[in-house]
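Here is a short note on the model, meant for a first look. Please read the points with the structure open beside you.

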Amino acid sequence: MSEKTGETKGFGIAEKPFGNTDGKDITEYTLSNPSGMQVSIINYGGTITKLIAPDKKGTMGDVVLGYDSLSGYLQKGNPYFGALIGRYGNRIAGGKFTLDGKNYTLAQNNNGNSLHGGNKGFDKVVWDAKKLAGDSSLELNYVSKDGEEGYPGTLNVKVVYTLTADNGLRIDYTATTDKATPVNLTNHAYFNLTAGADSTILAHELQIDADKYTPVNDLLIPTGQITDVKGTPMDFTTAKPIGRDIDKVKGGYDHNWVLNKKGNALDKVASLYEPSSGRYMDVFTTQPGLQFYSGNFLDGTLTDTKGGKKYVQHAALCLETQHFPDSPNQPSFPGTILKPGETYHQVTVYKFGTK
């Protein structure tokens, strides 16, 4: 299969066919940097299909879950592996919100609530892709029409993935609208820093720079409270193994942490370390929240997985930078309404290294 490689010495973008859906060709773009790190992305769902990073011995390994072919990503029950999430990441209670005195109804695709944009969120659409000159950057564009999945306004979305020279994956999100609408964009990559050597992430050590989190009800909808983590299993202010307290959390971790950062600067907010491989991943974001999800709903039944591997419970984790869940119905949470004339802009960086 022929591959075309990209522009700048030391950086590159290769592309190869990855199937066809909705009558549209799907392409896998592989960004590479001078140190040999690689990130592969398909224009279906803006999905990260591979992320190849070195361990402490210099051995390269794929640290994200996914599938070997497009059919895996298309299958019912795909848990958003590596995908871009929108128009609203996370949950909206009852699939309903009121904006400017008008009631809006969304798909109730998760226990009576709306999750990750509805039945056909941004993870299930084909994006327009464009390689950018210079370093390894891929620009994705999508126009979400007025009324799509129940949301008001035509939303023009641009996401740029950049693989940096210092082994960072930068994700730059921009959106504009012609009507006021809730917007909360994120990426849903599932990380296992052992590159599959360990079947779970329970030995990974996680630190989150957050003194508070948003408790949830049994349907994972925030109660509206903002609660201290101190003295609870939610305390990751100093690094600890994920498995240490997970049994004290009903169902496992699937909560939003209220980051300590002030304002919208690009700050380091979390760090993940895996001792056996020596790999670590630092998370930087402009966003106010971080959803830590410990892969609770994985159960080993998915098919077409990479190499046929069974993705068991806690096989990977997500660190989804975001605004808070259900913000359109929670006046005390940071606002998520984008208005005409405004520009939504958020940046997240996942930076990899070893120690």
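1. The radius of gyration is taken over C-alpha atoms, and the globule rule is 2.2 Å times the number of residues to the power 0.38. For 355 residues, a compact globule would have a radius near 20 Å; the protein has 19 Å, which agrees. The C-alpha trace spans about 55 × 50 × 40 Å along its principal axes.

2. A word on the source. This is a predicted model, where local features need pLDDT of at least 70 and side-chain atom pairs count only at pLDDT 80 or more, while totals for chains, interfaces and linings use all residues. Residues are numbered from 1 along each chain as its sequence is written, and side-chain values use heavy atoms, with hydrogens and water left out.

3. Secondary structure comes to one helix and 27 strands. Helices (H or I, at least four residues) and strands (E, at least two) are DSSP runs, numbered from the N terminus.

4. Contact means heavy atoms within 4.5 Å. Among contacts between residues at least 6 apart in sequence, 65% join residues at least 24 apart.

5. Buried residues make up 57% of the 355. Buried means under 20% relative accessible area, exposed over 50%, and partly exposed in between (1.4 Å probe, protein chains only).

6. Now the rings. Rings of Phe, Tyr and Trp (its six-membered ring) pair if their centres lie within 6.5 Å; planes under 30 degrees apart count as stacked, over 60 as edge-to-face and the rest as tilted. By this rule there are 22 aromatic pairs. One of them joins Phe81 and Tyr311 edge-to-face, at 5.6 Å centre to centre and 85 degrees between the planes. The pair links distant parts of the chain, 230 residues apart. Phe81 lies in the loop between helix H1 (70-74) and strand E6 (84-85), and Tyr311 in the loop between strand E24 (289-293) and strand E25 (318-322). Phe81 counts as buried because its relative accessibility is 0%. Tyr311 is buried too, at 6%.

7. Phe236 and Trp257 also pair edge-to-face, at 6.0 Å and 75 degrees. Phe236 is in the loop between strand E19 (227-228) and strand E20 (240-241); Trp257 is in strand E21 (residues 254-258), 21 residues apart. Phe236 is buried at 0%, and Trp257 is buried at 0%.

8. Which residues do ring pairs link into a cluster? They are Phe18, Tyr67, Tyr73, Phe81, Tyr190, Tyr293, Phe297 and Tyr311.

9. A charge sits over a ring if NZ of Lys or CZ of Arg is within 6 Å of the ring centre and within 35 degrees of the ring normal. Lys240 lies over the face of Phe236, 4.4 Å from the ring centre. The charged end of Lys355 sits over the ring of Tyr273, at 4.6 Å from its centre.
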